[in-house]
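User: Please take me through the strands and helices of this structure. I am new to it.

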Amino acid sequence: MRILLVTQYFWPESFRVNHLVQAWRDLGHDVTVLANMPSYPAGRTFEGYSWRGPYRETYFGADVRRVPTLPRGRRRNVRVILTYLSFIANGLVLAPFVARGRFDAVFVYAPSPITVALPALLMKRLRGTPMAIWVQDLWPDNLASLGIVRSPLLLRMATALGRWIYRRCDLVLVQSAAFEAPVRRVCPEVAKIRLLPNWADDFYRPETVEPDAPERREFPEGFTVVFGGNLGSAQALEVVLDAAAMLRDAGVRWVFIGDGNQRTALESESRSRGLDDVVRFLGWRPETTMPRYLSLADALLVSLRRNESFASTVPAKLQTSLAVGRPILAALEGEGARIVRDARAGVVVEPENARALADGVRALMTASAEARAEMGRSGRAYATTHFDRATLVAQLDRWLREMTEARA
């Protein structure tokens with residue numbers, strides 16, 4: 001198949017869609033990617049990219065076409081909105097010229113905002129091509145839950161836009177089973193919905209890290225809880241600092257690996273509270289090195305804020321945490337909490353509750369080493385069974401072929 005992928009986030013940014021492109025190329029598909037100028041999560045354009053380009057690259061044999069986009073900055077403010085708008089506007093203008101020829105399918109990777117689908121809908125109309133969208137965040141629920149939009153009028157407008165987009169999709173894929181009802185509530189006439197969860201990529205596996213490995217020197221002594229990923233407002237990481245203060249004398253150490261719009265504030269708060277001896281920020285690390293770091297953890301933290309929208313979400317880092325075979329400390333509710341419990345992979349605590357988080361760490365510390373190892377093995381087995389990339393990509397391939405055949 002000839003596939004046009006429209007995604008605001010793409011390599012060298014770390015998102016599952018990168019590995020989807022690799023999988024499509026392995027299956028022999030001809031893939032064209034319409035993407036942004038990378039600036040996530042640090043907020044500044046990646047080194048080697050600028051307004052001067054490059055606007056055309058190759059990634060695992062896929063033809064990558066970029067459109068000019070404003071860097072998102074480090075704060076959730078009007079700058080981020082302008083980043084989204086610049087991708088939409090430039091995508092609408094440039095897509096017909098940079099993504100030439102005919103395609104069998106248009107595919108949209110849709111973390112928030114869903115407006116990333118607008119250039120894809122234009123291409124669907126111009127090329128007469130069926131379109132699928134893979135929904136990673138609920139729209140407009142996430143706008144309200146993060147406090148981005150509070151006006152009832154604006155929320156109704158966002159809902160109307162979501163309905164308009166969903167109605168024009170031939171296939172809607174959702175990353176969580178709990179997404180289906182909210183999507184149908186926004187658009188009762190949606191054509192077809194299928195569950196496509198995020199997967200754990202093959203390189204996420206338990207690693208044996210040598211005693212003299214440099215990664216070990218970056219870790220403090222003690223019972224180490226690791227958070228790896230985006231340090232954003234949705235993760236409620238300020239609660240970790242409260243729990244760290246409660247456990248200051250318990251031998252617990254907290255390690256953050258990653259970047260995001262909350263990193264500077266978290267580092268500043270940690271210093272002001274005198275937590276430097278128990279909290280460490282390592283910064284961003286290449287994705288392929290993450291399994292070694294995660295394998296050194298005594299527990300892996302996965303957290304989201306407490307609200308209805310996030311209760312429906314399965315954060316992508318949950319699959320990778322399960323796959324590396326370490327016990328999970330899940331400050332989650334809803335679908336994410338259910339998966340950890342079903343997998344018997346760790347301890348689930350109430351989100352945004354520092355006392356509960358501290359108690360969860362104590363529960364893991366007092367468990368035997370064998371009990372924690374069994375949590376890791378159970379999580380690894382669950383990831384292999386439910387979140388295997390090859391299996392899920394093969395299912396997606398069948399759905400896309402069915403979509404194109406039905407359109408033909």
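Analyst: Two strands pair if DSSP finds at least two bridges between them. Strands (E, at least two residues) and helices (H or I, at least four) are DSSP runs, numbered from the N terminus. The model is predicted: local features need pLDDT of at least 70, side-chain atom pairs count only at pLDDT 80 or more, and totals for chains, interfaces and linings use all residues. Residues are numbered from 1 along each chain as its sequence is written, and side-chain values use heavy atoms, without hydrogens and water.

User: How many bridges join strand 6 to strand 7?

Analyst: Strand 6 covers residues 131-135 and strand 7 covers residues 171-174. Valine 135 stands opposite valine 174 in strand 7. The two strands run parallel, and the number of bridges joining them is four.

User: Which strands stand at the edges of the sheet?

Analyst: The sheet is open, with eight strands in mixed pairing and the order 3-4-2-1-5-6-7-8. An edge strand here has a single partner strand, so one side is left without a neighbour in the sheet. The edges are strand 3 (56-59) and strand 8 (193-195).

User: At what angle do helix 2 and helix 3 pack?

Analyst: Axes are lines fitted to C-alpha atoms, for helices over the stretch in contact, and angles run from 0 to 180 degrees between N-to-C directions. Helix 2 (residues 78-98) and helix 3 (residues 117-127) have axes 8 Å apart, and their packing angle is about 20 degrees. That makes helix 2 roughly parallel to helix 3 (under 35 degrees), at about 20 degrees.

How values were computed
Angles under 35 degrees count as roughly parallel, over 145 as roughly antiparallel, 65 to 115 as roughly perpendicular and the rest as oblique.
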